[in-house]
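Here is my note on the model. Please read it with the coordinates open.

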Amino acid sequence: MPRDRAEFDDLRPLEFREPREVLDPEKMYTIYEVARLLQGVEPDAELDVETENVLLDWAIPWMLKYSSEFVFAEPADDAEPGRYGLAEA
């Protein structure tokens, strides 16, 4: 349910960090690791499903916005996720 803007004391602009500020150019990451790093969480942090889903809600549009700056590696097998990295290392 929408809330009145006046209910909020601290309104800030929405700012996206650049991919090179978030990712190591020499590494490839799962979408889950990218989502964690984007929010300043360690890539191997254990998170509950609800938190993981919220982080993904931020990471996916961010990756789409910067899609030209990423490369994708196919998973090693069907049980593994794909990996993403910066286009130029």
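1. Basis. This is a predicted model, so local features need pLDDT of at least 70 and side-chain atom pairs count only at pLDDT 80 or more, while totals for chains, interfaces and linings use all residues. Residues are numbered from 1 along each chain as its sequence is written, and side-chain values use heavy atoms, with hydrogens and water left out.

2. Salt bridges, overall. The structure holds four of them. The criterion is a side-chain nitrogen of Lys or Arg within 4 Å of a carboxyl oxygen of Asp or Glu.

3. Arg36 and Glu52. Their side chains meet in a salt bridge, at 2.9 Å from N to O. Helices here are DSSP runs (H or I, at least four residues), numbered from the N terminus. Both Arg36 and Glu52 are buried. Buried means under 20% relative accessible area, exposed means over 50%, and partly exposed is in between (1.4 Å probe, protein chains only).

4. Glu7 and Arg3. This is another salt bridge, with the closest N and O atoms 3.0 Å apart. Glu7 has a relative accessible area of 43%, so it is partly exposed. Arg3 is exposed, because its value is 54%.

5. Arg12 and Asp10. The side chains form a salt bridge at 3.3 Å, N to O. Arg12 counts as exposed because its relative accessibility is 67%. Asp10 also counts as exposed, at 53%.

6. Glu33. This residue lies in helix α2, which spans residues 31–38. Its side chain reaches the backbone nitrogen of Thr30 at 2.8 Å. Leaving aside residues up to four places away in sequence, Glu33 touches Met28, Pro43 and Arg83. Contact means heavy atoms within 4.5 Å.

7. Leu11. Where does Leu11 lie relative to α1? Leu11 is in the segment before that helix, which covers residues 19–22. Leu11 is partly exposed, because its relative accessibility is 49%. The C-alpha atoms of Leu11 and Glu26 are separated by 36 Å, and the two residues are 15 apart along the chain.

Notes:
Helices (H or I, at least four residues) and strands (E, at least two) are DSSP runs, numbered from the N terminus. A polar contact is a pair of N or O atoms within 3.5 Å; within protein, one must be able to donate a hydrogen and the other to accept it, and residues adjacent in sequence count only if both atoms are side-chain atoms.
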